[in-house]
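User: I am new to this structure. Please take a close look at a single part of it and tell me what surrounds that part.

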Amino acid sequence: MSSVGIVLGGGGVTGASYEMAALMALELATGWDPFRADVIVGTSGGAYVTALVRSGRLDLDSMVQHHEDREAVAERISRHLFTKERGVRIGRWVRHGLLPGIRKPGLTMLLGGPAAWTTDGLADWVREQCGPAAEEWPAAPTIITAFDVAAKRRVAFGTESAPNVTLADAVAASSAIPVAFHPRVIDGRTYVDGGVVSGTHADLVLGNPKPLDLLIVIAPMAADEEREGAWFYEKVFDRVGRTALGGELTRIHENWPDTDVLVLRPSQAVLAAMRPNPLDPGAAVPTFIRTLMVMRRRLADPAIWSVLEHHLTRARSVS
């Protein structure tokens with residue numbers, strides 16, 4: 001039976017929709033349940049999808065409930081995601097963002113800064129979706145990334161070097177986009193979005209005790225195609241995402257030369273639904289539907305299907 005890892009990159013609301021649809025399409029095509037993955041790495045929006053997968057809650061109802069139309073879905077996402085902060089915490093930002101940023105100008109100045117929303121609503125959403133599993137950590141190897149503002153380093157929750165946290169807190173920390181969301185404070189430590197360092201963190205799979213047979217990377221913010229009429233920042237984010245992921249994949253190939261790697265990125269057709277604003281709840285359902293349509297053709301590509309058939313459909317027949 002093949003060992004399989006999944007990397008779920010950041011990408012906001014629409015990125016999560018893309019990943020949910022891509023994973024469902026994989027299961028429909030092969031019969032392989034992503035819950036069975038040997039290791040999952042999730043960042044930002046991908047952290048939320050990771051929580052759904054590991055709690056066994058990745059299904060159509062996790063996107064659209066039976067009584068909802070597109071507008072109702074957008075309203076529900078907005079209600080959970082965009083929770084107003086009670087008061088502005090200036091002191092933390094001055095200590096960990098503003099003053100270090102003045103001494104050494106750069107992205108650090110934005111970290112921990114005042115923002116419009118808190119991640120409390122997202123943590124509650126994880127609890128609502130995942131049930132009791134949200135207050136624990138998955139038994140199967142699971143990594144969720146964030147950035148420790150004071151230590152200025154990546155934190156991989158779920159590994160021995162990281163603090164013990166709940167699944168809900170880890171997702172909230174990993175999704176605390178600087179400027180948009182207040183940092184997540186857990187046991188006195190301040191965390192922001194793991195995407196500050198990389199949108200994927202695929203290299204973390206190298207911590208697995210043995211090389212994987214197949215690694216599936218779903219990267220919403222590392223597109224290698226360009227949306228018609230794309231805004232300038234879309235190109236920047238995708239270029240940065242591709243560069244970071246490229247370096248991570250090089251390290252994986254160097255250490256695990258026999259591992260098959262499948263990278264799924266949004267096509268132009270999907271980008272047209274999910275951009276320009278990845279935090280737009282109104283684009284969640286269109287992105288989900290478009291992705292399902294595109295994935296049917298994408299996964300049927302002979303070069304891709306041969307890999308999936310070898311590792312995933314064979315695993316189904318063995319089990």
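Analyst: Take helix α2. Its buried residues are Gly45, Gly46, Ala47, Tyr48, Val49, Thr50, Ala51, Leu52, Val53 and Arg54. Buried means under 20% relative accessible area; exposed means over 50%, and partly exposed lies in between (1.4 Å probe, protein chains only). Helices (H or I, at least four residues) and strands (E, at least two) are DSSP runs, numbered from the N terminus.

This is a predicted model, in which local features need pLDDT of at least 70 and side-chain atom pairs count only at pLDDT 80 or more, while totals for chains, interfaces and linings use all residues. Residues are numbered from 1 along each chain as its sequence is written, and side-chain values use heavy atoms, leaving out hydrogens and water.

Why is α2 largely enclosed by the rest of the structure? Because 10 of the 10 residues of α2 are buried. Its buried residues pack against β1 (4–8), α1, β2, α5 (120–130), β5 (142–148) and α6. Just after α2 comes Gly56, with a positive phi of about 70°.

Look at α6 first. Helix α2 (residues 45–54) and helix α6 (residues 167–174) have axes 7 Å apart and pack at an angle of about 160°. Axes are lines fitted to C-alpha atoms, for helices over the stretch in contact, and angles run from 0 to 180 degrees between N-to-C directions. The two helices, α2 and α6, are therefore roughly antiparallel to each other. Angles over 145 degrees count as roughly antiparallel, under 35 as roughly parallel, 65 to 115 as roughly perpendicular, and the rest as oblique. On the α2 side, Ala47, Tyr48 and Ala51 meet Leu167, Val171 and Ser174 of α6. The residues of this contact of α2 with α6 divide into 5 nonpolar, 1 polar and no charged. Contact means heavy atoms within 4.5 Å. Nonpolar covers Ala, Val, Leu, Ile, Met, Phe, Trp, Tyr, Cys and Pro; charged covers Asp, Glu, Lys and Arg; the others, Gly among them, are polar.

Now α5. Its buried residues are Gly121, Leu122, Ala123, Trp125, Val126, Gln129 and Cys130. Their cover includes α2, α3 (70–81), β3 (83–84), β4 (117–118), α6 and β7 (184–186). After α5 comes Gly131, whose phi is positive, near 70°.

Next, strand β2 (residues 39–43), where Val39 has its place. Val39 counts as buried because its relative accessibility is 4%. Leaving aside neighbours within four places in sequence, the contacts of Val39 are Val4, Gly5, Ile6, Arg54, Pro141, Val205, Asn208 and Leu212. Val39 and Thr142 are 103 residues apart in sequence, yet 5.6 Å apart in space, C-alpha to C-alpha.

Then α1, another neighbour of α2's buried residues. Helix α1 (residues 12–30) has a partner in helix α9 (residues 284–300): their axes come within 8 Å and cross at roughly 40°. The residues of the contact of α1 with α9 divide into 14 nonpolar, 4 polar and no charged.

Finally, the wider setting. The protein has 10 helices and 10 strands. Of its 319 residues, 53% are buried. Among contacts between residues at least 6 apart in sequence, 75% join residues at least 24 apart.
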